[in-house]
Structures are given as C-alpha cells and as structure tokens.
Amino acid sequence: MPGLNLMQQTLTTHTALLKQEKGNFSDYPDNTADAIHSGAVQALVGAVERMATLLSATLGHIPSCIISGGASHSLHSQLNISAEIVDDLVLQGLVLVAMDNQKISTPTSINS
Amino acid sequence: MTYLMAIDSGNTRIKWGLHDGLAWFKQGVILHDNRASLHQAWQDLPKPMHIIIANVAGAEAQVMLSELISCWKLQPEWMTATAYQCGVRNYYANPTLLGCDRWAGMIAAWKIQQQGCLVVNTGTAMTVDALSDTGEFLGGIIMPGLNLMQQTLTTHTALLKQEKGNFSDYPDNTADAIHSGAMQALVGAIERMATLLSATLGHIPSCIISGGASFRTQENF
C-alpha cells in the first residue's frame, strides 16, 4: 500500500478541494489537515494489525512484529500490538546475503 | 406533487435523485466525463421546486452543473456545512470547511440511526466520520479510496505496474499484494475507528457504508 507521505500526497493531487498542509495525529480530527494525516496513520496501522490477527490464527500463537522504514516511529506509537523497530533491517539482510554468497561465516549477531 | 432535485457531485461521479417528498421518483449516476448526457436524462423529468447540490469537484464542475440545470430556471442551493443542522452538531474548527458531502452523509445517517455511529463513504477518497449518541460530529479521517490507493503506487514507484489484483489473505504476487494492501488499509482504518468509538460511547456503534467501493469493502470486515 502507499506509505505515510504518499497516502497524504495522493489525496491533494486527485481531489479538487483537499490541500497539502501539515497535519497531526488525533483520535477525532476536527480539521482537514489532521483528518488526512490521521487517516493515513489509521489505514497503515489498521492493515498491520489485521495482518497480525491473521497470522496469529495461522500460527496458533501471537507473532512478533518487526518494523523498519522512515515512518516506523509514527506508526509504532499507534499500534495496539507489540512491535520492535529495526531501522537498518534491509541493510542487515544485505550483509547476510553477501556473507552467504561469499562463504564468509555468519556472525551470531549483526546488530552491534 | 412538488419535486426536489438533489445532486451529489463527487470527485469522480455525479449522483442525483429527484424526490417527491415521500420517496425517490428517479435516481441516476454518471461519471463527470459523461456529464453532458445528463441533459438528456433530465429533459423529461418533472420540473423540481428546488435544487440542492453538494459539489466537491471544484469550480469547473460548478460551472458545468449550473449550465445543465439552467433549463429549470431555478437558483440552486450550493450546500455547505454549518455548525448545526437536522440534529447534528459540527465541531469542526471552522464548520464550513467540513466537506459538504461528509456533512450531508452524517445528517442522513443520524436520521436513520438516531444514535452514535460511524459514517463511511468510499469514493475517490474514503472518509470515516464519528457521530455521538447525542448527534455530535466528534471528528473523522480521510484517506485515498480503493482505486486511488492502488493507482498511486504505480505512478510513484519505479517497479510496480498497474494490474488487476484479487483479495487474498497471503498474496503471492504483486498485483494481489497491492489490491489486498489497499483493502486491508481501508478496512483496518474503519475497524480502528469502530474500536475507538466503542470506547467513547460505551457501546458498539453501528456503521453505515456508502460509495462506489462499499460492497467490496464490506466483504472483508
């Protein structure tokens, strides 16, 4: 799905009246800028929560959730499931793939 | 019989209905691009006493609509949101800045429900608005609708292409992943607002869905 910024941007380019303004998160927004920002957050967090519920049913236990990317912190504060932010998740994956392909022994942790 | 013409001019489509005071005499839907054909659809209708229009499609659409209805020689009412109407109170920081289509939807929902509820409209954009048990508009959220949510990905990313996808719990191809992502986002946002409003009201609110994507969204609750 579109990310936090794209979700907001696309509304202003594809509707006649909505304008691009900086909004803040609110449970019950009472102005358009906050309504657009909060809508994007609710949509993204809602999708993550629905996938967590689905995976819970599939696995038979609550899955852990790792979040990465620019909007991690905005979403994390609204999530009703426990989740861990790992900012450099893709970089960590790249290191693992390179080591595997170069036959370098994998370290037990690549966090530090 | 006195007739009232109601026109909902959205971002993509124009929905209209001629009401006789008790029931709809005739209704229609047309894409903005085909609005010239409204001239034909309306020419055999009985003349309305009054015309009310909710236009969120901008000034150009307003000019086109004015021309289309000029045959009836009536000054239309261009509806705007107000601080209070038909039992619903609007606490928007500036009441007139609330989308007039959202306001009309909430007024109709309050007439139907007479208690706290969620009012969802899924068009070009999707709005989820919360009404209290005493008819106060608590606030609401706006996000891209089902089509826009998918379209914007293909225009703003280098690799994703526009293909028709289907809903799946665990999509295993990109087209299904984009379609299912849009659906999960919209349904997820509605469910989160329902949870929030439940806590605020102290009871589970009913939810009214309207707009082009309503049936597809409802299947996934």
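The model is predicted; local features need pLDDT of at least 70, side-chain atom pairs count only at pLDDT 80 or more, and totals for chains, interfaces and linings use all residues. Residues are numbered from 1 along each chain as its sequence is written, while chains are lettered from A and ligands numbered from 1 in the order in which they are written.

- Ala, Val, Leu, Ile, Met, Phe, Trp, Tyr, Cys and Pro count as nonpolar, Asp, Glu, Lys and Arg as charged, and the others, Gly among them, as polar.

**Helix packing in chain A**

- H1(A) and H2(A) pack at an angle of about 135°, and their axes are 9 Å apart. Axes are lines fitted to C-alpha atoms, for helices over the stretch in contact, and angles run from 0 to 180 degrees between N-to-C directions.
- This angle makes H1(A) oblique to H2(A); angles under 35 degrees count as roughly parallel, over 145 as roughly antiparallel, 65 to 115 as roughly perpendicular and the rest as oblique.
- The crossing of H1(A) with H2(A) is right-handed. A crossing is left-handed if the near helix is turned anticlockwise from the far one by less than a right angle, and right-handed if clockwise.
- A:Leu4, A:Met7, A:Gln8 and A:Leu11 of H1(A) make the contact with A:Ile36, A:His37, A:Ala40, A:Ala43 and A:Leu44 of H2(A).

**Helix packing in chain B**

- Helix H4 (residues 146-156) and helix H5 (residues 174-201) of chain B have axes that come within 9 Å and cross at roughly 135°.
- H4(B) is therefore oblique to H5(B), and H4(B) passes H5(B) in a right-handed crossing.
- From H4(B), B:Leu146, B:Met149, B:Gln150 and B:Leu153 meet B:Ile178, B:His179, B:Ala182, B:Ala185 and B:Leu186 in H5(B).
- The residues of this contact divide into seven nonpolar, two polar and no charged.

**Domains of chain B**

- Chain B is assigned domain 1 (4-78) and domain 2 (84-218), with bounds that come from an automatic or database domain assignment.
- The centres of the two domains of chain B, taken over C-alpha atoms, are separated by 25 Å.
- Six residues from domain 1 of chain B and seven residues from domain 2 of chain B take part in their contact.
- The side of domain 1 of chain B that touches domain 2 of chain B comprises two nonpolar, three polar and one charged.

**Exposed residues outside helices and strands**

- A:Lys103, in the segment after helix H4 (89-101) of chain A, has a positive phi of about 60° although it is not a glycine.
- A:Lys103 is exposed, with 6 other C-beta atoms within 10 Å; a residue is buried if 20 or more other C-beta atoms lie within 10 Å of its own, exposed if 12 or fewer, and partly exposed in between, with C-beta atoms placed from the backbone.
- B:Lys73 lies in the loop between helix H2 (59-69) and strand S5 (77-78) of chain B, and its phi is near 50°, a positive value in a residue other than glycine.
- B:Lys73 is exposed, with 7 other C-beta atoms within 10 Å.
- B:Leu22, in the loop between strand S2 (13-19) and strand S3 (24-31) of chain B, counts as exposed with 7 C-beta neighbours inside 10 Å.

Technical notes
Contact = placed C-beta atoms within 7 Å. Helix = DSSP H or I, 4+ residues; strand = E, 2+ residues; numbered from the N terminus.
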